[in-house]
Amino acid sequence: MNQEAIKDRLTAKFGQDAVLDTTVFRDQLSVTVIKDKIREICRFLRDEPDLFFDFLSFVGGVDKHPQTPRFEIVYQLNSSRHKHRFRIKTRVEETADGLASIDSVVGVWATADWHERETAEMYGITFKDHPDPRKLLLPEHWTVFPLRKDFPLEGTDDTPDLPPQKI
Amino acid sequence: MNEQVRRMEDFQSELMELNLGPHHPSTHGVFRAVVELDGETVVNVTPHLGYLHRGYEKTCENKHYHQVIPLAERCDYMGASSNSLAFCLTVEKMLGVDVPERAQVIRVMFAELSRIFSHLFWLGTHAHDVGAMTPLFYNLREREEIMNLFELSAGGRLMPNYLRIGGVIQDLPEGFVERLRAFTEHFDRRVDEYETLLTKNVIYMDRTQGIGVLSLKDAIGLGASGPMIRGSGLAWDIRKTEPYCGYETYDFSVAVEKGCDAYSRYLVRIREMRESNRILKQTLEKLPGGPIRARQPGVVFPPQEEIYTKMESLIHHFMLVVEGLKAPVGEYYQCIESPRGELGCYLVSDGGPRPYRLKWRAPAFVNLESLAIMARGHLFADLIAILSSVDIVLAEVDR
């Protein structure tokens, strides 16, 4: 199924309002959907027999700083049965009192587990209902989010090798 | 029951937590896992990653496009040319560069050599992990031949850094084709030798058959790819389903096994080495003449000899080094079949000379997620066999 047809299936099911934006670049579609329905949309894309996106290539984040909403979460999908690919994205914004948050899709694709943990620690995004929200690659005692655009390449004083010593 | 016996029973019902790694010979790098054991049976495995995290993606955001190529090769140093191929293809698609025919064939050559290279070392270390020491010495013999070929072409033996955006850095040196032909002619016999050591070896079969079972449903859900998913019965190879570099013109078959265990993954990789050798033979027949790099000033480096003789070429070269190329605004995902599976590069460009965002879909990282589900219920010694059957490269897992 071509990507336009997949997008039409999405809008038919969730309404025009569910799709915020669509960009086409070199024959690849990027469809931005609303954040609140991400889990239903993912489940729909996985379970419909003619879509059947049972394989999630990755979940990743993009920091659009200083734009708002600041972060994009990217889901790159693939179907083992129909051999077609599709990409959906959603936008999240930091709230005044804490980190940006979005529903976890680990319940839809088990592989999202590590991808979401990595995105969470790198960008400071909370994945709600994640079964194991520990850090994955970074040290536990780091409080910074290195893949954010306002984090300097050379690091800061907040990235010590060892946790602060308790005296 | 006296008190001492009761205490003994309490003691035995307790699970033991064992720390495996980060420095353990079987982890092939710095991988640490906390293993919960009931006696000798594995109850759960919790991997702890990040000992080799270098911030690859952050570094790429601060480099020119051409400067990313050596970094990409250092991600997976076992299949170095596959990695630079994934990156170059992505950038070329974004820019709309057409790579000349000769460069395409040379790239296939290098991708398949790196597949054999990677599988050979995997085979040696995997066999070593389950107690067969001999294969490693045979594998290193052929691996050395490939390293010599890499050295001949570009200087580097492990990470040749041979590919460039738009083609390859220089033409194949004199003698390369002949040496590669000699290699392809005897390599099939060498694979036969490895098979006599392992395929029907009762000890090896006992150590791997029925060990580390990953059902196809779990494999798809967990995002496993490459030999992992082909060992679980799905004939999915990106070279066939979404051909790149002209793979549709080569005659080769996809190795599939239905056993879902470590032994199946072994059989898949052995057959893949034979198929790669078949492709290599075809590249030698096919190899056309012509340029080895596209001509696109401002994007692709001009031919080396022109830099010394033509003013415009010198200017183009200088500008490309100093300012870098500028990709149009957009985003693109390109994936290839690396020795470990779906190796993807998701690139976002804001029109500047550096990638705005580069997400590396590393197959070893994703394949490792299946470790816990495969290891549960097996003996601790089998965990080592299962871990090595995944074929991890820690540099790629941690990035």
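Mentor: From H7 of chain B, the residues B:Val177, B:Leu180, B:Arg181, B:Thr184, B:Phe187, B:Asp188, B:Val191 and B:Glu195 meet B:Ile270, B:Met273, B:Arg274, B:Asn277, B:Leu280, B:Lys281 and B:Leu284 of H12(B). Contact here requires C-beta atoms, placed from the backbone, to lie within 7 Å. The residues of this contact divide into 8 nonpolar, 2 polar and 5 charged; Ala, Val, Leu, Ile, Met, Phe, Trp, Tyr, Cys and Pro count as nonpolar, Asp, Glu, Lys and Arg as charged, and the others, Gly among them, as polar.

This is a predicted model, in which local features need pLDDT of at least 70 and side-chain atom pairs count only at pLDDT 80 or more, while totals for chains, interfaces and linings use all residues. Residues are numbered from 1 along each chain as its sequence is written, and chains are lettered from A and ligands numbered from 1 in the order in which they are written.

Helix H7 covers residues 176–198 of chain B and helix H12 covers residues 262–286; helices are DSSP runs (H or I, at least four residues), as strands are (E, at least two), numbered from the N terminus. The two axes come within 10 Å and cross at roughly 160 degrees. Axes are lines fitted to C-alpha atoms, for helices over the stretch in contact, with angles from 0 to 180 degrees between N-to-C directions. H7(B) and H12(B) are therefore roughly antiparallel to each other (angles over 145 degrees count as such). Their crossing is left-handed, that is, the near helix is turned anticlockwise from the far one by less than a right angle.

Elsewhere in chain B, helix H4 (residues 80–95) lies across S6 and S7, running at about 150 degrees to S6(B).

Conventions:
Two residues are in contact if their C-beta atoms, placed from the backbone, lie within 7 Å. Angles under 35 degrees count as roughly parallel, over 145 as roughly antiparallel, 65 to 115 as roughly perpendicular and the rest as oblique.
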